[in-house]
There are 2 protein chains.
Amino acid sequence: MLQLASLAALGCALPAKSHPDTRVDSREFLAPRTVIFREGFDAVPQLRLTDGCVALSRSLSDGRRQIIDIVGPGRLIGLVFGEHNRTTAETLTYCQIEPARELGLAEFRGAVNEMVLRVESHAILLGRKTAPERVASAILDLADQFARPRAKRKGTTTFNLYLTRGEMADWLGLTVETVSRCFQRFRRAGLVGFTDPQIVTLLQPTVLQAIAAGRRQFDNSNNL
Amino acid sequence: MLQLASLAALGCALPAKSHPDTRVDSREFLAPRTVIFREGFDAVPQLRLTDGCVALSRSLSDGRRQIIDIVGPGRLIGLVFGEHNRTTAETLTYCQIEPARELGLAEFRGAVNEMVLRVESHAILLGRKTAPERVASAILDLADQFARPRAKRKGTTTFNLYLTRGEMADWLGLTVETVSRCFQRFRRAGLVGFTDPQIVTLLQPTVLQAIAAGRRQFDNSNNL
DNA sequence: CGTACGATTGAGCGTAGTCAATAGCTGTGG
DNA sequence: CCACAGCTATTGACTACGCTCAATCGTACG
């Protein structure tokens with residue numbers, strides 16, 4: 001029960017009752033690994049993710065998959081400008097979503113800007129960063145999206161890494177094994193801590209930031 | 001003079017007079033390798049590329065560069081939704097640009113959709129495709145954007161590959177050498193033809209499409 | 001209790017990167 | 001006119017990062 005206890009401690013998006021069909025607050029909870037909409041299908045109305053974690057992905061015909069973005073609470077999914085969904089959206093946790101109310105122009109521009117900015121940053125990551133740089137970037141991004149503000153204010157940030165190693169791999173353009181090895185290297189170097197593979201603590205965020213940004217002097221130091 | 005003759009034959013964006021400061025049609029021609037706007041600087045008004053080829057890129061602090069998109073005639077550059085430019089825009093040829101007139105909603109949505117679609121497709125390419133798959137995808141994309149319609153209607157498509165091997169590498173997340181090797185493999189396999197490295201003819205577009213899409217059976221066949 | 005799945009770890013391999021040399025072309029200046 | 005520098009492309013030899021394959025462990029679940 002470590003898993004569940006940890007989830008609760010971190011404020012994971014678990015429903016009051018654990019049955020996935022439970023409705024809370026007259027809103028629907030979606031179970032983990034539920035497809036919200038699928039790439040290529042008719043566009044779905046804009047949604048706002050109230051709680052949980054969603055992966056947006058695209059696949060090649062032979063099954064190779066690339067997760068384009070990981071979306072945390074508050075952000076929009078299904079920003080579609082054409083007739084069809086560009087990506088598949090899949091929940092990674094219990095999720096609460098609601099139809100996005102009409103957006104003001106400024107808010108809309110902000111949401112579009114954030115989305116494009118993130119995809120473009122991810123393109124640099126995929127095209128030009130090494131495996132440890134990618135994993136460090138990912139850990140920091142997820143901490144930023146999913147660590148509770150209260151936890152962040154204290155010295156050490158701990159958060160739930162909703163993604164499996166396989167999903168991290170599909171996000172970062174790596175394999176499961178490489179992601180796992182990078183995590184272990186970071187742990188041995190004292191940069192992050194975890195007992196359960198999903199519950200991660202940032203121990204040296206500054207060093208992680210340096211690695212994520214590609215400042216190479218940190219690669220060989222810190223007994224990596 | 002092969003270079004210049006070929007450029008002219010393909011309708012490259014050369015000014016009537018070769019001096020870069022020449023003005024034609026009361027519009028400005030920008031010389032190749034001119035920076036139009038720079039990443040992080042104050043946002044520039046929307047521009048339409050009338051003629052030529054522009055690269056949008058971002059860089060890491062140590063100089064590693066990722067070209068996010070290659071823009072051909074008719075498309076917009078400087079679709080900015082925030083206060084600062086997300087990317088650097090640099091001409092790769094003589095270019096003609098003009099302020100984009102006010103866009104209708106439908107047109108705007110279309111432009112945004114195309115932009116996001118392209119970046120997301122590029123993310124799959126960077127994260128999940130092999131080097132030959134990337135190069136094949138790039139060749140087809142550039143043929144689509146830069147081959148003249150007249151040339152396309154005939155059996156064989158020939159076009160000017162405005163990018164150097166180095167720029168291809170920065171676009172595809174590879175190195176100069178790997179790009180060059182892929183081009184040579186494709187040439188030996190009879191998929192593309194070129195004497196000048198910039199002037200490329202598609203000889204077996206169907207096979208290139210299959211490789212670009214990642215249908216693996218084509219990798220070992222066709223004496224690659 | 002058995003099956004399934006995720007994570008980890010090791011051994012070996014292969015794709016793409018690094019380093020280096022060369023050729024070809026362009027533009028410059030003596 | 002030629003020598004030279006600078007740049008792009010190509011090619012070869014070697015390296016190494018990350019992938020593949022395989023085995024093991026722990027936990028969840030029916």
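## Surroundings of DNA strand C

In this predicted model, DNA strand C is surrounded by 19 residues, a residue being near a strand if one of its heavy atoms lies within 4 Å of it, and the closest are A:Arg165, A:Ser180, A:Gln184, B:Ala131 and B:Thr178. By class, this surface has five nonpolar, nine polar and five charged residues, where Ala, Val, Leu, Ile, Met, Phe, Trp, Tyr, Cys and Pro count as nonpolar, Asp, Glu, Lys and Arg as charged, and the others, Gly among them, as polar.

## Polar atoms and contributing elements

A polar side-chain atom of B:Thr178 lies 2.5 Å from a phosphate oxygen of DNA strand C, and a polar backbone atom of B:Ala131 is 2.7 Å from a phosphate oxygen, whereas B:Glu177 places a polar side-chain atom 3.0 Å from a base nitrogen. Two or more residues each come from α5 (165-172) and α6 (176-188) of chain A and from α3 (131-146) and α6 (176-188) of chain B, helices being DSSP runs of H or I with at least four residues and strands runs of E with at least two. The largest share, four residues, comes from α6(A).

## A sheet in chain A

An open sheet of four strands has the order β3-β8-β5-β6 in chain A, with antiparallel pairing, two strands pairing if DSSP finds at least two bridges between them. Because β3 (35-37) and β6 (65-71) each have a single partner strand, one side of each is left without a neighbour in the sheet. Two bridges join β3(A) to β8 (residues 88-91), and A:Phe37 stands opposite A:Ala89 in β8(A).

## Basis of the values

Residues are numbered from 1 along each chain as its sequence is written, and chains are lettered from A and ligands numbered from 1 in the order in which they are written. Local features need pLDDT of at least 70 and side-chain atom pairs count only at pLDDT 80 or more, while totals for chains, interfaces and linings use all residues, and side-chain values use heavy atoms, with hydrogens and water left out.

Technical notes:
Polar contact = N/O pair within 3.5 Å; in protein donor to acceptor, adjacent residues only side chain to side chain.
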